[in-house]
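Biologist: I would like to learn how to read the features of a model such as this one, one at a time. Please give the general idea for each, and then the case at hand.

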Amino acid sequence: MTNEKDRTMFGTKVFNHKTQKQGILLYSWTNIYADAEVPFATCVDEDGRKYNIDMDSITPVEE
């Protein structure tokens with residue numbers, strides 16, 4: 001089991017539906033649970049704080 005980081009979307013602006021704020025995606029990865037594999041992203045919010053969130057909770061922002 002590896003949690004390889006995918007940086008192809010690095011720098012993409014995203015809208016976080018949980019906080020209703022924008023952020024920037026750093027990388028994506030798969031969170032492996034006992035019974036499922038869930039796609040996650042590591043992002044930075046407007047205040048510069050890094051957080052992990054499931055990919056279903058964010059949407060890319062078009063400029």
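Biologist: Which residues does tyrosine 51 touch, not counting residues up to four places away in sequence?

Modeller: A contact is counted when heavy atoms lie within 4.5 Å. By that criterion, and with residues up to four places away in sequence left out, tyrosine 51 touches Asn16, Ala41, Thr42, Cys43, Val44 and Asp45. The model is predicted, so that local features require pLDDT of at least 70 and side-chain atom pairs pLDDT 80 or more, whereas totals for chains, interfaces and linings use all residues. Residues are numbered from 1 along each chain as its sequence is written, and side-chain values use heavy atoms, with hydrogens and water left out.

Biologist: Which residues make up the largest nonpolar core?

Modeller: In soluble globular proteins, nonpolar side chains tend to be buried together. A nonpolar core is here a set of buried Ala, Val, Leu, Ile, Met, Phe, Trp, Tyr and Cys residues joined through side-chain atoms within 4.5 Å. Buried stands for under 20% relative accessible area, exposed for over 50%, and partly exposed for values in between, with a 1.4 Å probe and protein chains only. The largest core has seven residues, namely Val14, Leu25, Ala41, Cys43, Tyr51, Ile53 and Ile58. Strand 3 (37-45) and strand 4 are the elements that give two or more residues to this core. Strands are DSSP runs (E, at least two residues), numbered from the N terminus.

Biologist: In what order do the five strands of the open sheet lie?

Modeller: Strands of a sheet pair through backbone hydrogen bonds, either parallel or antiparallel. Two strands count as paired if DSSP finds at least two bridges between them. The order in this open sheet is 4-3-2-1-5, and the pairing is antiparallel. Strand 4 (50-54) and strand 5 (58-60) are the edge strands, each pairing on one side only. From one strand to the next, the twist averages 45 degrees; axes are lines fitted to C-alpha atoms, and angles run from 0 to 180 degrees between N-to-C directions.

Biologist: How many bridges join strand 2 to strand 3?

Modeller: Nine bridges join these two antiparallel strands, and tyrosine 27 has threonine 42 in strand 3 as its bridge partner. Strand 2 and strand 3 form a hairpin with four residues between them. Strand 1 (residues 13-16) is joined to strand 2 (residues 21-32) by four bridges, also in antiparallel fashion, and lysine 13 is partnered with isoleucine 24 in strand 2. Five bridges connect the antiparallel strands 3 and 4, where alanine 41 stands opposite isoleucine 53 in strand 4. The hairpin of strand 3 and strand 4 has four residues between the strands, and there glycine 48 takes a positive phi near 85 degrees.

Biologist: Is serine 28 buried or exposed?

Modeller: Serine 28 counts as buried because its relative accessibility is 12%. This residue belongs to strand 2. Apart from neighbours within four places in sequence, serine 28 is in contact with Glu4, Lys5, Asp6, Phe40, Ala41 and Met55.

Biologist: How many salt bridges does the structure hold?

Modeller: Side chains of opposite charge can pair when their charged atoms come close. The criterion for a salt bridge is a side-chain nitrogen of Lys or Arg within 4 Å of a carboxyl oxygen of Asp or Glu. The structure holds three. In one of them, aspartate 54 pairs with lysine 18, and the closest N and O atoms are 3.3 Å apart. Aspartate 54 is in strand 4 and lysine 18 in the loop between strand 1 and strand 2, so this pair ties together parts that are 36 residues apart in sequence. Aspartate 54 is buried at 18% relative accessibility, whereas lysine 18 is exposed at 59%. Lysine 18 touches Ile53, Asp54 and Ser57, again with residues up to four places away in sequence set aside.

Biologist: Which residues are linked in a network of salt bridges?

Modeller: The network links Asp45, Asp47 and Arg49. Arginine 49 forms a salt bridge with aspartate 45, with 4.0 Å between the closest N and O atoms. The side chain of arginine 49 also meets that of aspartate 47, at 3.5 Å from N to O. Arginine 49 is exposed at 53% relative accessibility, and aspartate 45 is partly exposed at 23%. Aspartate 47 is exposed, as is arginine 49.
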